[in-house]
Amino acid sequence: MARRTDGGRSGGSRRSTVQTRRRRVIPAVAIGAMGLGIAGLLALLPAVSNACQVVPATSRFSSAQVSAATAPGSDVLIVGDSYTTGRGSSDNLHGWAQDLVAERDWDATIDGGPGTGYVNRGAARSARAIYQSRIERRAALSPDLVLVQGSQNDWLTSSATLERTVESTLRQAEEQWPDAVVIAIGPSAPQPRAQATTGINAAVAAGARAADVPFVDALDGQWFTAMNSGSYAATDDEHLNDAGYRYLAGKIDAELEDLATKPDGEQCL
C-alpha cells in the first residue's frame, strides 16, 4: 500500500491558510476514523481467531482407527449383493470388492449374494441369505474392518423397515466384533438405475447414522452420471462392467482414505 503524505505551504492569504488547515484537519479526521475502525477490528480478532467449531462426528470411529483397519494386511470382511460378487463383469466373478482387496493388499473374506440385501432374501427366499444372518455366521472371524455394501435389492421394503434393519445389522457387526471398524456402503448403480435407489439410499444412510457408523454415499457423490454410466454399465444396465467395477473400487478406496485422514475433534477457523 502506497504511503499517503499531506503537506502545505506557509504564508499566503487568510483563505489559503484556512484551506490549508482544512486539508490538514480532514486527513486527521479520516485517520482517526480509520484508527477507530482498526481498533474495533483488532478487538474482534481475538474472538475470531479463538473461535473453534466442533467437527460433527460421522461415527464413533476415529481417523486413526480407520487408518489402522484399512492398512495393508488387515483382516477384512465384505458383505454385499451381486455387486460384491462381480455380476456384469467379464467373468461374473470379479467386482469392486476383489479390485479393492488387491489394491489394499488385504486378507479378506468376500461374502456376496446376488439378489440379496438387508431385507431381501434373494432367489432362494431364505432368511439365511440376508446380511445380518450372514454376518452372524461369520462370528469365528476376527476382522479389523467390516464393509457392508448395498443394497438396491431392497427396493420393495418400506423405508422405516429398511432403516431399522440396517441399524440392527450394523449393530450386530459392532457387537460381534467390538474392535472392528464397521462401514456401510450405499447403493452404487449406474444411471438411470441410480435414481431409482434414492429412497433405499436414504434409509440405509439413516440406519448407518443410528448405528453410529460411517456411510459411503455414492448417490450423493454423483459417482455415476448420465455422462459416464454408458462406459461403466454392464449390458443389462443394472450392474457394472470391468471398467465400472474398477472405477467403483477407486471411489470407495478414496472414501476410506478420507475417513482415515479426516480431522477429529475441534477445529479453529
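Let me start with Gln172, which sits in helix H6, the helix that runs over residues 159–176, and please keep in mind throughout that this is a predicted model. Is Gln172 buried or exposed? Its relative accessibility is 19%, and because the cut-off for buried is under 20%, Gln172 counts as buried. If we set aside residues up to four places away in sequence, Gln172 touches Gln132, Ile135 and Glu136.

Staying with H6, I would like to turn to its packing against helix H7, residues 198–211. Two packed helices are described by the angle between their axes and by the distance between those axes. For H6 and H7 the angle is about 40° and the axes are 8 Å apart, so the two helices are oblique to each other, and their crossing is right-handed. On the H6 side the residues that meet H7 are Ser159, Leu162, Glu163, Val166, Glu167, Leu170, Arg171 and Glu174, while H7 contributes Gly199, Ile200, Ala203, Val204, Ala206, Gly207, Ala208, Ala210 and Ala211. Sorted by class, that contact has 10 nonpolar, three polar and four charged residues.

How far apart are Ala206 and Glu167 in sequence and in space? They are separated by 39 residues in sequence, and their C-alpha atoms lie 8.2 Å apart.

Now to another helix pair, H4, residues 96–104, and H9, residues 242–261, which pack at an angle of about 55° with their axes 8 Å apart. H4 and H9 are therefore oblique to each other, and H4 passes H9 in a right-handed crossing. From H4 the contact takes Trp96, Asp99, Leu100, Glu103 and Arg104, and from H9 it takes Tyr245, Arg246, Leu248, Ala249, Ile252, Asp253, Leu256 and Glu257. By class, this contact of H4 with H9 has seven nonpolar, no polar and six charged residues.

Finally, let me place these two pairs in the whole protein, which has nine helices and seven strands. Of its 269 residues, 42% count as buried, and the protein exposes about 14600 Å², of which carbon and sulfur atoms supply 53%. As for contacts between residues at least 6 apart in sequence, 77% of them join residues at least 24 apart.

Note on methods. Residues are numbered from 1 along each chain as its sequence is written. This is a predicted model: local features need pLDDT of at least 70, side-chain atom pairs count only at pLDDT 80 or more; totals for chains, interfaces and linings use all residues. Side-chain values use heavy atoms; hydrogens and water are left out. Helices (H or I, at least four residues) and strands (E, at least two) are DSSP runs, numbered from the N terminus. Buried means under 20% relative accessible area, exposed over 50%, partly exposed in between (1.4 Å probe, protein chains only). Contact means heavy atoms within 4.5 Å. Axes are lines fitted to C-alpha atoms, for helices over the stretch in contact, and angles run from 0 to 180 degrees between N-to-C directions. Angles under 35 degrees count as roughly parallel, over 145 as roughly antiparallel, 65 to 115 as roughly perpendicular and the rest as oblique. A crossing is left-handed if the near helix is turned anticlockwise from the far one by less than a right angle, and right-handed if clockwise. Ala, Val, Leu, Ile, Met, Phe, Trp, Tyr, Cys and Pro count as nonpolar, Asp, Glu, Lys and Arg as charged, and the others, Gly among them, as polar. Accessible areas come from the Shrake-Rupley method with a 1.4 Å probe; for residues, only the protein chains shown count as cover.
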